[in-house]
Amino acid sequence: CGTPVEVPPAHVGKVVTRDGSSMDLVPTSKFRLDPCILYCDKLILLGIDDRTYEEKDLKIFIPEDKLNLTVTISSTLSIDVERVNELFAVLTPREIESYLSIIDAPIIYQTYASKIIQTEVREYLSQFSIGEIASSIEKINADIRQRLTEVIGERTPFKVRYIGLTNIQYPKIITDAQEQAAERREAI
């Protein structure tokens, strides 16, 4: 008997034989690999589940104010099943056992989506002043969501479930000025 293996829920797999990788994706299932004679088959797993990622404390220079704005970008992404075969072809899996390897979702995110998200958000936010960002954050967040959904869908193997700005940290000089203005109003 061959080695028992499992493709868990929210994963797909490919069996690598001595002739190379199979063309068919293996859905959620339990089965046995062919018995080892001269060459042992291997199962490669790829998770296609929804995952949350964050680009924490991304500093963005705002040219109009000549100050840095710090934001966190949160996203929930899943791998597009239509593009799974290209990932198996170009990414190196991490070996877990001699018969089992996995392509980690964080590696896929770092390889394809992380830099695109950082670049697009920097490019978009740098055209506004900090005051404009603060006063219309809902509209800016909606625009960023639409823009990133299109770009990520075109240029990466991901589908966007949610993406947006969280934890916006305005420059200390601006928050201090706002606090001092509030203190003056209170004193008057």
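A definition to begin: two strands count as paired if DSSP finds at least two bridges between them. With that in hand, look at Leu46, which stands opposite Ile103 in β9. Keep in mind that this is a predicted model.

Where does that pair belong? Strand β5 covers residues 42–47, and strand β9 covers residues 100–103. The two run parallel, joined by 4 bridges. They sit in an open sheet of 5 strands. Its order is β3-β2-β5-β9-β8, and the pairing is mixed. At the edges stand β3 (20–21) and β8 (94–97). Each has a single partner strand, so one side of each is left without a neighbour in the sheet.

Now the other sheet. Here 3 strands form an open sheet, in the order β6-β7-β10. The pairing is antiparallel. The edge strands are β6 (51–62) and β10 (158–169). Each of them has one partner strand, so again one side is left without a neighbour in the sheet. On average, neighbouring strands in this sheet are turned by 25 degrees against each other, direction ignored.

Let me go through the pairings. β6 and β7 are joined by 10 bridges. Arg51 stands opposite Leu77 in β7. The hairpin of these two strands has 4 residues between them, and there Lys66 takes a positive phi near 55 degrees. On to β7, residues 67–79, and β10: 9 bridges join that pair. Ser74 stands opposite Gly164 in β10.

How many residues of β7 are buried? The count is 11 of 13, so this strand is mostly covered. Helix α2, residues 105–125, lies across β6, β7 and β10. The helix runs at about 35 degrees to β6.

Next, charges. The whole structure has 10 salt bridges.

Start with Lys42 and Glu95. Their side chains meet at 3.0 Å, N to O. Lys42 lies in strand β5 and Glu95 in strand β8, so the pair ties together parts that are 53 residues apart in sequence. Lys42 is buried, with a relative accessible area of 19%. Glu95 counts as exposed, at 51%.

Second, Lys56 and Glu54. This salt bridge comes in at 3.6 Å, N to O. Lys56 is exposed at 61% relative accessibility, while Glu54 is partly exposed at 41%.

Third, Glu120 and Arg147. The closest N and O atoms are 2.8 Å apart. Glu120 is in helix α2 and Arg147 in helix α4, residues 137–155, so this one links distant parts of the chain, 27 residues apart. Glu120 is buried at 11%. Arg147 is partly exposed at 22%. Both belong to a network of salt bridges that also takes in Glu123 and Arg155.

Last stop: Lys14, in strand β2, residues 11–17. Leaving aside neighbours within four places in sequence, Lys14 is in contact with several residues, including Ser21, Lys42, Ile44 and Phe88.

That's the tour. Over to you.

How values were computed: Residues are numbered from 1 along each chain as its sequence is written. This is a predicted model: local features need pLDDT of at least 70, side-chain atom pairs count only at pLDDT 80 or more; totals for chains, interfaces and linings use all residues. Side-chain values use heavy atoms; hydrogens and water are left out. Axes are lines fitted to C-alpha atoms, for helices over the stretch in contact, and angles run from 0 to 180 degrees between N-to-C directions. Contact means heavy atoms within 4.5 Å. Buried means under 20% relative accessible area, exposed over 50%, partly exposed in between (1.4 Å probe, protein chains only). A salt bridge is a side-chain nitrogen of Lys or Arg within 4 Å of a carboxyl oxygen of Asp or Glu.
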